[in-house]
Amino acid sequence: MSNPRIATPRQHGPGHFGATTADRRRGDIRMPRFFKRLFKFPQMDFEMAVWEMTHLLIAPKKVFKSIYYHKQTRNTWHRPDPSFTYLLSFFLLLTSFAWSLAYTPSLASVVKLALMFVVVHFLAGSLLVSTLAYYLIGRLLGPGIAGLPGRRRQAGLFGPPGGSRGAEVLEFGYCFDVSIRAFFPPYVLLYIIQYILMPVINHQNRASTFFANLLYLAAGIYWSLITFLGYNALHFLHHTQFLLSPMIAWIVIWLVCTVLGINLTTVGTQWLFLGVRS
């Protein structure tokens, strides 16, 4: 005796294929999960974000190893959880208040510096870097390039195109993940430690110049290292060691500025922090 609650299979016909096409189109224009979760705070893993921030300073390789494990269970390299972005934006907001109150104590300066730190330095800067990485790294280091093994694959914006499982693609969301994580150590060095050491390093003498420039050198090396580790975790990218080459540029800049007596703190605070003066 048949059970009336069991639905009968759909008949394969023109209507069936039309529904499949419509479903596929709806899936193509579906909003990425990252944006869907922007205001779902109970679903955000802030504890994981704090763990990542800590290990980005002491053991950055562990951060991208955890992302690799995430790929095995979620089938996407990108982690659609904005908790890291929210938390770092909040820290930048507090830091901007500290810089403003110490050096430009006016309401206009507080608002201006807060927008500069959060919107321009962090969000716009990370979007710019991730966009360049998405279009350049996938083409220069990915499969299908002359002299490199593998065949060319189409990259999806926030995940594998069409939801196909097992696809090896460079996701724009993952590029953004790498960019915001690479921003964190320079944030600690240049926005917090530099702020604390300003009375000591913001002077035109050899000792102050040496240590101030060393701070910027460490920030540049940290940024290059984390960027390299992020893309090196993708097994379908080749010759990712080229991403370490900016370290040479950071060392050359540090050496030239130190020899010439150019204090990068004096220059950097004028350019990065809207004319802040000690």
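The whole structure contains 0 disulfides, a disulfide being a pair of cysteine sulfur atoms within 2.5 Å.

The model is predicted; local features need pLDDT of at least 70, side-chain atom pairs count only at pLDDT 80 or more, and totals for chains, interfaces and linings use all residues. Residues are numbered from 1 along each chain as its sequence is written, and side-chain values use heavy atoms, leaving out hydrogens and water.

Next, display L88, which is in contact (heavy atoms within 4.5 Å) with M53, F122, I180, F183, F184 and Y187, apart from residues up to four places away in sequence.

Then turn to the aromatic rings. Rings of Phe, Tyr and Trp (its six-membered ring) pair if their centres lie within 6.5 Å; planes under 30 degrees apart are stacked, over 60 edge-to-face, and the rest tilted. The whole structure holds 15 such pairs. Select W99 and Y103: this pair is tilted, at 5.6 Å centre to centre and 40° between the planes. Move on to F117 and Y191, an edge-to-face pair because the planes stand at 85°, with centres 4.9 Å apart. Both F117 and Y191 are buried.

Finally, select F84, F117, F122, F183, F184, Y187 and Y191, a cluster linked by ring pairs. Over the ring of F84 sits the charged end of R181, 4.6 Å from the ring centre; the criterion is NZ of Lys or CZ of Arg within 6 Å of the centre and within 35 degrees of the ring normal.

Key
Buried < 20%, exposed > 50% of the residue type's maximum accessible area, 1.4 Å probe, protein only.
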